[in-house]
Amino acid sequence: MSPVTIDLSDEVRAALADGGAVVALESTIISHGFPHPENLALAGALEDEVRAAGAVPATIAIIDGRLTAGLDTAALERLALGPAVKCTTRDLAPVMAAGGLGATTVAATAWVAAHLGIAVFATGGIGGVHRTAPGEAAFDVSADLLELARTPVAVISAGAKSILDLPATLEVLESYGVPVIGYRTDDFPAFHARSSGLPVPHRADDVAGLARIVACHRDLGIGSAMLVCNPPPEEIAFAREDMEAMVGDALAAASAAGISGPASTPFLLAHLHHLSGGRTSVVNRGLAISNAALGAQLAVALAGLAS
Ligand code: PSU
Ligand code: MN
């Protein structure tokens, strides 16, 4: 263990000390995923969902330069109002050293969770391999994938965002030895849609079965994350074809506006929000809440196995 100090809320500290169920939550979804004040409402709703299932939420961010797990209302409000720096693992040290306000991506949140011994982390969708227009040299692969390769935590997601190259994203996960588990599905979800049309290699049909897989992977000491894929709720999910048309439009807009790098994901999500009259955000919100609930059930099941 490195000597990094991570500030913990009282409830997170207590739960970690006695092997209780804890679910890590990311903060980029708050700072960059939704506008104020919906983002603040979502941050609270995610924590409520985790608590309702009997686990303790640990929302992770950098507050005044300090890595923090378990945020109070004031910290959540600051992240929601912004501006906060979107921090992947490479950005943690510079933002901490500057005393800044940082929102953690999947990569950075996973790192902090694993460092604290938190076994489960719930998010919306992971980053992955971005699509490239013909003739474009850009090579944008989310640091989320590298971090999943080397960080032992179970990540609950609705797959990877539909704006990405999903076949390439699955190939990289395979190369990196990250187990991908469909929760009650054989298909890799496409975030806004329940299926990408691509198969996942493994599946679990209930929380107990999922917990056995996660515990076994941990006991093997393989050291990678596991990606649990929970499709977005049926009532709100988009049909894959409808989503594809909008994603094409969003990518063209990003290219025309010269958007690249860390700005891509927030730009594309915001564009889809406008194109769909807000419906993509309803799905994003609904799937994040559903993932928080599944994450909490998994954390409770894992705590039960350990005791
Ligand atoms: N999923 C969402 N909203 C988000 C993100 C994911 O529904 O804002 C964030 C996550 O924090 C993820 C990041 O780690 O986008 C990926 O960004 P990039 O592609 O630049 O690595
Ligand atoms: Mn990127």
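Select ligand 1 and its shell, where five residues are nonpolar, 11 are polar and three are charged; here Ala, Val, Leu, Ile, Met, Phe, Trp, Tyr, Cys and Pro count as nonpolar, Asp, Glu, Lys and Arg as charged, and the others, Gly among them, as polar. This is a predicted model, in which local features need pLDDT of at least 70, side-chain atom pairs count only at pLDDT 80 or more, and totals for chains, interfaces and linings use all residues. Residues are numbered from 1 along each chain as its sequence is written, while chains are lettered from A and ligands numbered from 1 in the order in which they are written.

In total 19 residues surround the ligand, the closest being Thr28, Thr105, Gly124, Gly127 and Ser142 (a residue belongs here if its C-beta atom, placed from the backbone, lies within 6 Å). Two or more residues each come from helix 2 (28-31), helix 7 (143-150) and helix 11 (264-275); helices (H or I, at least four residues) and strands (E, at least two) are DSSP runs, numbered from the N terminus.

Next, select strand 11 (residues 226-229), which pairs in the parallel sense with strand 8 (residues 154-157) over four bridges and runs parallel to strand 9 (residues 180-183), joined to it by three bridges; pairing requires that DSSP finds at least two bridges. On strand 11, Cys229 stands opposite Ser157 and is also the bridge partner of Gly182.

Finally, show helix 6 (residues 106-116) with helix 7: their axes, lines fitted to C-alpha atoms over the stretch in contact, come within 8 Å and cross at roughly 20°. Helix 6 is therefore roughly parallel to helix 7, a term for angles under 35 degrees.

Note on methods
Axes are lines fitted to C-alpha atoms, for helices over the stretch in contact, and angles run from 0 to 180 degrees between N-to-C directions. Angles under 35 degrees count as roughly parallel, over 145 as roughly antiparallel, 65 to 115 as roughly perpendicular and the rest as oblique.
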